[in-house]
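Hi,

Here is the structure I promised to send over.

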Amino acid sequence: MISAAGPAPARGANHPMNPSERIDQLIAKLTDWRGKTLATLRKAILEADREIIEEWKWMGSPVWSHHGMIAVGNAHKDKVKLTFSRGANLPDPEKLFNAGLGGNAWRAIDLFEGDKINEVALKNLVRAAVDYNQSKLKRKAPAGNRAKRHKNKK
């Protein structure tokens with residue numbers, strides 16, 4: 001996490017950075033509006049559900065997960081993109097998704113300089129993604145955890 005003292009110091013080879021520290025470092029390197037935007041998105045995501053885990057994947061992308069991937073954040077030259085891995089399955093009453101709308105699974109929010117983030121709607125979207133991931137787990141519960149039907153003896 002980002003603290004008032006700034007990002008965590010870099011560690012040596014014997015102490016590699018954890019994913020949260022890598023995300024801190026990425027945000028610190030983005031000294032323009034993109035760093036502030038990514039930091040705001042991250043804060044809202046983490047506030048939406050206390051059990052969200054931060055990960056670092058694909059050679060430099062922050063990923064937020066809870067019982068499966070929720071979203072990936074990327075800073076591009078002209079935008080910050082927050083991509084939800086199962087966005088097509090999520091309710092989006094505030095119409096936050098504005099990219100990747102034609103896909104079967106992924107949906108994204110592209111934010112450009114000056115765009116305002118509806119944090120309440122984003123938190124609701126994150127919670128919906130967590131609920132979706134949890135519902136997938138319940139459907140895939142092993143047979144031993146499901147109620148068993150007993151055969152009638154004749």
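**How α2 and α3 pack**

Helices α2 and α3 lie oblique to each other, a label for angles that are not under 35 degrees (roughly parallel), over 145 (roughly antiparallel) or 65 to 115 (roughly perpendicular). Their axes cross at roughly 50° and come within 9 Å, with α2 covering residues 33–48 and α3 residues 119–139. The crossing is right-handed, meaning the near helix is turned clockwise from the far one by less than a right angle. On the α2 side, T40, L41, A44, I45, E47 and A48 meet E119, L122, K123, V126 and R127 of α3; contact here is heavy atoms within 4.5 Å. Those contact residues divide into 6 nonpolar, 1 polar and 4 charged.

Before you read on, this is a predicted model: local features need pLDDT of at least 70 and side-chain atom pairs pLDDT 80 or more, while totals for chains, interfaces and linings use all residues. Numbering starts from 1 along each chain as its sequence is written, and side-chain values use heavy atoms, without hydrogens and water.

Now the strands. In β5 (residues 107–111), 5 of the 5 residues are buried, so the rest of the structure largely encloses this strand; buried is under 20% relative accessible area with a 1.4 Å probe, protein chains only. R107, I109 and L111 point one way from β5, A108 and D110 the other. Strand β4 (residues 80–84) runs antiparallel to β5, joined by 5 bridges, and F84 stands opposite R107.

Overall, 40% of the 154 residues count as buried.

Cheers

Terms used. Axes fitted to C-alpha atoms, helices over the stretch in contact; angles between N-to-C directions. Helix = DSSP H or I, 4+ residues; strand = E, 2+ residues; numbered from the N terminus. Nonpolar A, V, L, I, M, F, W, Y, C, P; charged D, E, K, R; others polar. Buried < 20%, exposed > 50% of the residue type's maximum accessible area, 1.4 Å probe, protein only. Pairing = 2+ DSSP bridges.
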